[in-house]
Amino acid sequence: MYLAHFGLREAPFSITPDTSFFFACSDYQQALNTLLIAVRNGEGFIKITGEVGTGKTLLCRQFLASVNKDADANGAQRFITAYLPNPYLEPRTLLLALAEELGVVLDKDTDQHHLLKSLTFALLNYARAEKRVVLCLDEAQAIPMESLEVIRLLTNLETEKRKLLQIVLFGQPELNQRLQQKSIRQLNQRIAFHYHLSPLGKSDMGYYLAHRLNVAQFPGGKLFSPSAIRRLYAASGGIPRLVNIVAHKSLMLAYGEGRQQVESRHIRAAAKDTEAARKDRWQWWAMAGSALLIAGAGISWMSLR
């Protein structure tokens, strides 16, 4: 492995969502701030969307880590959090998973009525203790429609002053399409805060690489040459997951050659070996070509007038 070769404490470009590597550029910090403000204001529904690989799960974990540190003047935790990474569950199973996350003890073969009653009782007890309960649902675009309706009904539970349960939906853009369906329009109307995560900007790329290398305790200077950084952005489109995959492979290639710096050719070879990077690059060139054709057609049409 290349860690010793480059003097790294750990792999800097793992695709595992590790909050120590959270990159607080303007877009990601704004998304985190939106979440923190929304839950502290007691909003019932919050939605975060983003394309595949833009870091929604890492943002979710960073958000959970932040709210779990939130304490009152006496040092008591303000929030109780629940996290369901795979919400592709039918309604009763989803409720059982939530009950387990909240530590609700249930009798064997509890029916849905008593399940909801036990959950409501637990949420009321948390409210009396001045605790806010937040449920985070990752991959929310996969939630069945019937389960989305149950989630909406859960947010009907409230005291005179605030909701008993706040829900944060993290999902791909397809989630927006699902929420437009007439059968769950009431849920869509209740989403008070929404933020869409964009890929890293071109100007962020060098800072992103430097941040991850710094966390991994890289002792040297510039591990990626300027041309390598430019090519990495072009190959990945700024999608953090693709950046990590291509960067990791390029480090392996540089290590295999005994080099101390990643060059543009290493990135090119790594991207060629990464199907998603090849596909995204092909799609970019296809869109660019279409735009040029449309522009050319427009110019030709104008010349005929």
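Biologist: What percentage of the 305 residues of the protein chain count as buried?

Modeller: In this predicted model, 44% of the 305 residues of the protein chain count as buried. The chain holds 13 helices and five strands, and its C-alpha atoms fill a box of roughly 65 × 60 × 40 Å, taken along the principal axes.

Biologist: Why is Ser225 called buried?

Modeller: The word buried is kept for residues under 20% relative accessible area, and Ser225 has 4% relative accessibility, so Ser225 counts as buried. Ser225 lies in the loop between helix 9 and helix 10, where, leaving aside residues up to four places away in sequence, Ser225 touches Gln261, Val262, Glu263 and Ser264.

Biologist: Why is Gln189, by contrast, called exposed?

Modeller: A residue has to be over 50% to be called exposed, and the relative accessible area of Gln189 is 63%, so Gln189 is exposed. Gln189 belongs to helix 8, which covers residues 185-189. The C-alpha atom of Gln189 is separated by 9.3 Å from that of Leu179, ten residues apart along the chain.

Biologist: What makes the pair Arg9 and Glu10 a salt bridge?

Modeller: The rule asks for a side-chain nitrogen of Lys or Arg within 4 Å of a carboxyl oxygen of Asp or Glu. The closest N and O atoms of Glu10 and Arg9 are 2.3 Å apart, and the two residues therefore form a salt bridge. By this rule the count comes to seven salt bridges.

Biologist: What makes Arg265 and Glu257 a salt bridge?

Modeller: With the closest N and O atoms 3.0 Å apart, Arg265 and Glu257 meet the limit of 4 Å, and therefore they form a salt bridge. Arg265 is partly exposed, having a relative accessible area of 33%, and Glu257 is partly exposed too, with 42%.

Biologist: Why is helix 6 described as largely enclosed by the rest of the structure?

Modeller: Helix 6 runs through residues 145-154, and seven of its ten residues are buried, so the helix is largely enclosed by the rest of the structure. The buried residues in helix 6 are Met145, Ser147, Leu148, Val150, Ile151, Arg152 and Leu154.

Biologist: Which residues of the largest nonpolar core touch the most other members?

Modeller: The largest nonpolar core has 52 residues, and Leu59, Phe63, Cys136, Val168 and Phe224 touch the most other members. Helix 2, residues 26-40, provides the largest share of this core, namely seven residues. A second, separate core has 36 residues, among them Ala127, Val133, Ile143 and Met145. In soluble globular proteins, nonpolar side chains tend to be buried together.

Biologist: Which residues does Val168 touch, not counting residues up to four places away in sequence?

Modeller: Val168 touches Leu35, Val39, Ile46, Phe63, Val134, Leu135, Cys136 and Leu137 on that count. For the protein chain, among contacts between residues at least 6 apart in sequence, 74% join residues at least 24 apart.

Biologist: What makes up the lining of the second largest pocket?

Modeller: The lining divides into twelve nonpolar, eight polar and five charged residues. The pocket has a volume of about 420 Å³, and of its 25 lining residues, Gly53, Thr54, Gly55, Lys56 and Leu58 lie nearest its centre. Helix 3, helix 9 and helix 11 each supply at least two residues of the lining, and helix 3 gives the most, with four residues.

Technical notes:
Residues numbered from 1 in each chain as written. Predicted model: local features only at pLDDT ≥ 70, side-chain atom pairs only at ≥ 80, totals over all residues. Heavy atoms only, no water. 1 Å grid on protein atoms, 1.4 Å probe; cavity = no way out; pocket = protein on both sides within 12 Å on 5 of 7 lines; lining within 4 Å. Points joined across faces, edges and corners; volume = space filled by probe spheres on them. Nonpolar A, V, L, I, M, F, W, Y, C, P; charged D, E, K, R; others polar. Buried < 20%, exposed > 50% of the residue type's maximum accessible area, 1.4 Å probe, protein only. Contact = heavy atoms within 4.5 Å. Core = buried A, V, L, I, M, F, W, Y, C linked by side-chain atoms within 4.5 Å.
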